Amino acid sequence: MSSAQVSRPSGGGGLAAQHRTDITFDDYLMEMANIAIQAASDQERAEALAEALDKVADALRDMATDLVGDHNVSTQVTELISDLADAAARMKQQAERCASECALALEAAKLAAAMVARVYGEDMAAKEDAGLTYASAAAHHD
């Protein structure tokens, strides 16, 4: 692993390169926050898309119904319009599923950040209680 340090050193010297990580705790929390923000945005967009697709499906069904009695319009055309309405309804279901999954991703990012923050806080408290400058990875104790 490379350059970024796990914690900000207090006092002299930095960590040896083999003990450093590619991501800091602050970087991790920012990444989780960005995931949560993007998931919330995507959820809103998916919900709006589902609403729009519902309106499109209804409008297409109304159009097909209105055209059924018109002798100048082929039944093949009205069937194709009905097929489009059905496709819009299926797309609406997919958009609703997407919105639901985005809500789950939002909650998962918040939970992951909270759980890691809790454990990190416990580790930092234990480090300070022991009078250490750096926390040691569990792999060093096997």
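A salt bridge is a side-chain nitrogen of Lys or Arg within 4 Å of a carboxyl oxygen of Asp or Glu. Asp 86 forms such a bridge with Arg 61, and the closest N and O atoms are 3.5 Å apart. The structure is a predicted model, in which local features need pLDDT of at least 70 and side-chain atom pairs count only at pLDDT 80 or more, while totals for chains, interfaces and linings use all residues. Residues are numbered from 1 along each chain as its sequence is written, and side-chain values use heavy atoms, with hydrogens and water left out.

The protein chain has 2 helices and 0 strands; helices (H or I, at least four residues) and strands (E, at least two) are DSSP runs numbered from the N terminus. Of its 142 residues, 19% count as buried, where buried means under 20% relative accessible area, exposed over 50%, and partly exposed in between (1.4 Å probe, protein chains only). In the protein chain, 60% of the contacts with a separation of 6 or more are between residues 24 or more positions apart; contact means heavy atoms within 4.5 Å.

Asp 86 is partly exposed at 35% relative accessible area, and Arg 61 is partly exposed at 34%. The whole structure holds 5 salt bridges. Another joins Glu 107 and Lys 110, with 3.3 Å from N to O. These two residues both lie in helix α2, 3 residues apart, about one turn of the helix. Glu 122 and Arg 118 also meet in a salt bridge, at 2.9 Å from N to O; they are 4 residues apart in helix α2, so about one helical turn separates them. Asp 54, Lys 92 and Glu 96 are linked in a network of salt bridges.

The next topic is the nonpolar core. A nonpolar core is a set of buried Ala, Val, Leu, Ile, Met, Phe, Trp, Tyr and Cys residues joined through side-chain atoms within 4.5 Å. The largest one has 7 residues: Tyr 28, Met 32, Ala 36, Ala 39, Leu 106, Ala 109 and Ala 113. Helices α1 and α2 each supply at least two residues of this core, and α1 gives the most, with 4 residues. Not counting residues up to four places away in sequence, Ala 36 touches Leu 106, Ala 109 and Lys 110. Lys 110 is partly exposed, at 44% relative accessibility. Its C-alpha atom is 9.4 Å from that of Leu 29, although Lys 110 and Leu 29 are 81 residues apart along the chain.

Thr 78 lies in helix α2 and counts as buried because its relative accessibility is 7%. Leaving aside neighbours within four places in sequence, Thr 78 is in contact with Ala 64, Leu 67, Val 68 and Val 73.

A search of the whole structure finds 1 aromatic pair. The ring centres of Phe 25 and Tyr 120 are 3.9 Å apart and the planes are at 10 degrees, so the pair is stacked. Rings of Phe, Tyr and Trp (its six-membered ring) pair if their centres lie within 6.5 Å; planes under 30 degrees apart count as stacked, over 60 as edge-to-face and the rest as tilted. Phe 25 is in helix α1 (residues 25–68) and Tyr 120 in helix α2 (residues 75–129), so the pair ties together parts 95 residues apart in sequence. Phe 25 counts as buried at 16% relative accessibility, whereas Tyr 120 counts as partly exposed at 21%.
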